[in-house]
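These are my notebook entries on a single chain. I set down what I looked up, in the order in which I looked.

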Amino acid sequence: MRIIDLLKKDAIQLNTSVSSKTEAIDELIALHKKAGNLTDADAYKSAILEREKQGTTAIGEGIAVPHAKSDSVKKPGLSAITVPGGVDYNAPDGKASDILFMIAAPLDGDLHLEILSRLMVMLMEPEFCADLRNAKTPEEFLNIIDKKESEKYPDEVKSQSVKKDGYRILAVTACPTGIAHTYMAAEALEKAGEKLGYPVKAETNGSGGAKNVLTKKEIEECDGIIIAADKNVEMARFNGKPVIKTSVSNGINKPEELINRIIEGKASVYHADGEQESYADDDEKEGYGRRVYKHLMNGVSHMLPFVVGGGVLIALGFLIDTLAGNADVGGDFGYTNPVAAVIFWIGKAAFAFMLPILSGYIAQSMADRPGLLPGIVGGYLATTGATLSSPTGDDSAVSGFLGALLAGFVAGLIVNVLKKAFNWLPKSMDGIKPVFIFPLFGTLLIGVFMLAINPFVGFINIGLSNGLSSLGETSRILLSIVLAAMMAIDMGGPFNKAAYVFGTAAIADGNGWIMAAVMIGGMIPPIAIALSTTFDKRKWTEQEIKNGPVNYLMGLCFITEGAIPYAASDPLRVIPSCMVGSAVAGAVTSLFGSSCPAPHGGIFVFAVVDNPLGYLVALVAGSAAGALMLSLLKKNRTKKAAA
């Protein structure tokens, strides 16, 4: 949905005279009411004010975009005002806001996030904002937005060639978390296709599910498909089509090369039964290590919602119990207060699924759906410590994260062996094998396997946990430095994910200081870059400076991927600088003894961190160190390069 579909002439007021933030909000809400977007203006105002309590929605540079979801919204819409001289909206840069958009969104869906993202991209251009400020009529205001939106999102104003010929090349992009890499790869491929004259449509398998889904007709008529993914995607629909399978990072960094391989007929033909018609120069063959990584990331991507949702709820239980004065109750801490207990145990229930889901989806990635049940059961047995002598569980044999990893890969292997073992059955039995034979024997075999190995893996797991808990101060600082720096090496890639998964597993074992180092290490790169683009503009291009402020928000929200475009443009200087900043922050968290029970949330979960003030000091110190390193290592841009 485009901005001009949501912003109507009646909801625009130019050169408005308001003297305060409250008056500006009232004016914007009145315009929504006038446009017929609201059923209850007072209820919607309450939702807006609740959102403002979480932090100002002023972006800076004269822009503010208040927004809220509410059941008082009859239909999604936008309102807009311009305020000569501006109004104080508590902007982070201290400047008055003179262009204000208000997004009204219903409770279902994330429309407000899509529109907010689109507005943010467009409003980062000073010329566009200047045109909006100078608009004389609502019609002119709308035309300015329409023109810029058409330039930024040309795929929505489809060219005649697309209408006539359809999409020549299709793509599917996916990363384990589905937050940044997924969409960056999609945009890079679509832009490269536009440049080369081969229209590309990219399906994104993000955290909110598949978007821009490829249709059966588009698949039948296209010249080939590019799968730029670090986790498995649905492949059966591409049977008989030329397919290139590569990493999501190649989708971001080598889009033209991938498209040219399709154009030149250098892609392998995919067959749903696993056979491929290979070309001599097909260099996208997956090695053993890459296949293992993809299976692991498939498990991690499905595990993350359980980790984040459950972990944050558990942390909230601790926070509420602390506020209720129960911090010293001992073993019942977190669920002594009745409200804390409800939230804590709901979070505990979600967190309990973490390891079974991890192992289940590793197995599913290896053996398709028949591997899911054996994998989940194997992961569950790892959490209970079930053994041959004690099938109901033994605390000394809990194999935990290591056992769940092993269960996932072994379950997938078992099911694949079963597929070959029962290949002699007639075709008429094909329907019963995946729903009865494979799950039955697969579950039995993985169960026996886990009962047999749990005592040994459990011994290793408990030894590692005890070893981490007993680390001396020097060792803790060193490990915190290493883990925090790993978060900045590839900013969402294998090193980053390895550190993050290690941190989440440590939370389950009661070592929250590890997660503290991991989270702070992931927050530093975007903030360090934002600081550098703000205070040392000589180092960056005009476009990088424009987009820099967005990284403040991404860093504070623990979205390390915001730093990727900057790292990609100058990796030899940006990545080491970010690593230094993250390492400094990791060391400071350890020195202050900070511990984080929440596996995600960034600054929004600082309240539940042990020694939050020290954690904030670590954030500031690491960000400043990273920005300083960027100033020292990066060369000044010439005027020509910066233009």
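Entry 1, leucine 358. I listed the contacts of leucine 358, leaving out residues up to four places away in sequence, and found Gly299, Val300, Met303, Phe401, Ala404 and Leu405. I note here that the model is a predicted one.

I then asked which residues touch the most other members of the largest nonpolar core. They are Leu358, Tyr500, Met519 and Ile520, in a core of 49 residues. I looked up which element gives the most to this core and found helix H20, residues 512–535, with 11 residues. Another core lies apart from it and has 26 residues, including Leu14, Leu78, Ile103 and Ile115.

I located serine 623 in helix H25, which covers residues 612–633. Is serine 623 buried or exposed? I recorded a relative accessible area of 3% for serine 623, so this residue is buried, the cut-off being under 20%. With residues up to four places away in sequence not counted, serine 623 touches Ile524, Ile527, Ala528 and Leu531.

I found a nonpolar patch on the surface formed by Ile432, Val435, Phe436, Leu440, Phe441 and Leu445. Together these residues have about 550 Å² of accessible area. I took phenylalanine 441 from this patch and placed it in helix H17, residues 433–469. Why does phenylalanine 441 count as partly exposed? Its relative accessibility is 34%, and the class runs between the buried limit of 20% and the exposed limit of 50%, so phenylalanine 441 counts as partly exposed.

I looked for disulfides, taking a pair of cysteine sulfur atoms within 2.5 Å as the rule, and the count came to zero. Cysteine 222 is buried, with a relative accessible area of 5%. Cysteine 596 is buried as well, with a value of 0%.

I recorded 26 helices and 13 strands. How many residues does the chain have, and what percentage of them is buried? The chain has 643 residues, and buried ones make up 50% of them. Of the contacts with a separation of 6 or more, 70% are between residues 24 or more positions apart. The chain exposes about 28,800 Å², of which carbon and sulfur atoms supply 61%.

Notes
Residues are numbered from 1 along each chain as its sequence is written. This is a predicted model: local features need pLDDT of at least 70, side-chain atom pairs count only at pLDDT 80 or more; totals for chains, interfaces and linings use all residues. Side-chain values use heavy atoms; hydrogens and water are left out. Patches are made of residues with over 30% relative accessible area and no salt bridge: like charges are joined within 9 Å, nonpolar side chains (Val, Leu, Ile, Met, Phe, Trp, Tyr) within 5 Å. Accessible areas come from the Shrake-Rupley method with a 1.4 Å probe; for residues, only the protein chains shown count as cover. A salt bridge is a side-chain nitrogen of Lys or Arg within 4 Å of a carboxyl oxygen of Asp or Glu. Helices (H or I, at least four residues) and strands (E, at least two) are DSSP runs, numbered from the N terminus. Buried means under 20% relative accessible area, exposed over 50%, partly exposed in between (1.4 Å probe, protein chains only). Contact means heavy atoms within 4.5 Å. A nonpolar core is a set of buried Ala, Val, Leu, Ile, Met, Phe, Trp, Tyr and Cys residues joined through side-chain atoms within 4.5 Å.
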